Amino acid sequence: MVHTCGMAKKSNSTVRPSKSISELLRLPKGPVNMASLDPAGRPGYPGHGKSDADGYTAAIGPILADLQERLFANGKSTPVDAKRVLLVLQGMDTSGKGGVITHAVGLVDPQGVHIKGFKAPTPEELSHDFLWRIRNALPDPGMIGIFDRSHYEDVLVVRVENLVPVSEWDGRYDLINTFEAELAAAGYLIIKCFLNISPGEQKLRLAARLADPSKYWKYNPRDVNAHEKWGAYMEAYKDALERCNTDAAPWYVIPSDRKWYRNWAIAEILKEQLVAQGFTWPAANFDVAAEKARVAAI
Ligand code: AMP
Ligand code: MG
């Protein structure tokens with residue numbers, strides 16, 4: 001298993017992760033064996049489980065919100081130099097891309113977040129190269145952009161459903177790497193998460209949608225067709241993970257059979273990656289003493 005627990009027991013028997021969650025869930029470079037990626041694992045989780053996960057996730061909130069505000073402030077103050085964050089969420093239907101947006105991304109001020117979902121391309125989008133609509137949806141300086149599906153669909157569903165010939169999709173891995181390297185060089189912090197669920201868990205979640213009229217809107221009969229092609233999708237995911245796993249745009253594999261772990265882990269990775277940026281508050285672009293004096297005199 002790639003997701004070894006990574007926990008070290010302390011003498012007082014408190015269990016603490018010996019590595020960051022980013023390190024634990026970062027997909028190692030090199031060949032990928034999909035069967036070795038455990039969808040039900042909970043590497044690095046510091047608590048007991050579902051019962052305390054809301055508390056652990058909520059505790060990340062104020063830290064993440066502060067980091068996001070610093071990022072946003074820099075975007076307003078010095079847009080040319082400011083970072084932009086791009087969180088790419090990929091996974092099979094029901095893997096929880098929407099749930100992550102609600103529970104992890106929802107911890108920060110929505111004004112600093114730009115969410116974009118990618119559906120089957122429109123005729124206009126199809127008239128351009130596959131990265132055209134992606135470039136148009138990139139976050140502004142200081143913003144956290146969330147991609148609910150992404151350019152990876154163009155080597156996933158497109159490949160499995162034979163929507164373009166192999167000669168065309170096979171060239172896209174290199175195009176994606178070049179594109180992502182350009183973004184990183186331009187100041188984007190790219191975090192790509194593969195929400196890894198098992199086919200058994202997907203079946204349960206599809207059944208749950210059918211069992212509850214308030215969830216019918218989430219159900220799409222086409223999801224069953226994709227489920228039947230699970231093997232082909234996993235082959236396509238394997239290549240996407242293996243061929244596009246760069247330092248500029250790394251993949252994290254998120255065990256997602258447990259919703260509470262998935263949400264906590266992505267919030268934690270986002271926090272860790274933003275902490276690593278060392279954001280400072282932007283300096284005033286005015287004379288603070290003079291402005292204090294003016295305000296005092298009002
Ligand atoms: P959902 O995210 O469940 O609303 O579904 C969006 C659908 O759009 C999924 O079935 C995707 O596979 C599909 N989709 C997204 N991007 C593409 C693409 N580039 N080509 C074809 N289908 C796509
Ligand atoms: Mg869906």
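In this predicted model, ligand 1 is surrounded by Asp93, Phe118, Lys119, Ala120, Pro121, Arg133, Arg149, Glu153, Asp154, Val157, Val158 and Leu163.

| Side chain | Atom of ligand 1 | Distance |
|---|---|---|
| Arginine 133 | nitrogen | 3.1 Å |
| Glutamate 153 | oxygen | 3.2 Å |
| Aspartate 154 | nitrogen | 3.2 Å |

How much of ligand 1 does the protein bury? On its own, ligand 1 exposes 500 Å², and the protein buries 75% of that area.

Now for the next stop, the second largest pocket. Its volume is about 200 Å³. Around the second largest pocket you will find Lys50, Ala53, Asp54, Thr57, His103, Leu107, Lys259, Trp260 and Asn263 as its lining. Two elements each give two or more residues to this lining: helix H2, which covers 50–77, and helix H12, which covers 259–275.

Which element gives the largest share of the lining of the second largest pocket? That is H2, with four residues.

The lining of the second largest pocket has three nonpolar, three polar and three charged residues.

Conventions
Residues are numbered from 1 along each chain as its sequence is written. Chains are lettered from A and ligands numbered from 1 in the order in which they are written. This is a predicted model: local features need pLDDT of at least 70, side-chain atom pairs count only at pLDDT 80 or more; totals for chains, interfaces and linings use all residues. Side-chain values use heavy atoms; hydrogens and water are left out. A residue is near a molecule or strand if one of its heavy atoms lies within 4 Å of it. A polar contact is a pair of N or O atoms within 3.5 Å; within protein, one must be able to donate a hydrogen and the other to accept it, and residues adjacent in sequence count only if both atoms are side-chain atoms. Accessible areas come from the Shrake-Rupley method with a 1.4 Å probe; for residues, only the protein chains shown count as cover. On a 1 Å grid over the protein atoms alone, a cavity is a set of points where a 1.4 Å probe fits but cannot get out, and a pocket is an open set with protein on both sides within 12 Å along at least five of seven lines; lining residues have an atom within 4 Å of a point. Grid points are joined across faces, edges and corners, and a volume is the space filled by probe spheres set on the points. Ala, Val, Leu, Ile, Met, Phe, Trp, Tyr, Cys and Pro count as nonpolar, Asp, Glu, Lys and Arg as charged, and the others, Gly among them, as polar.
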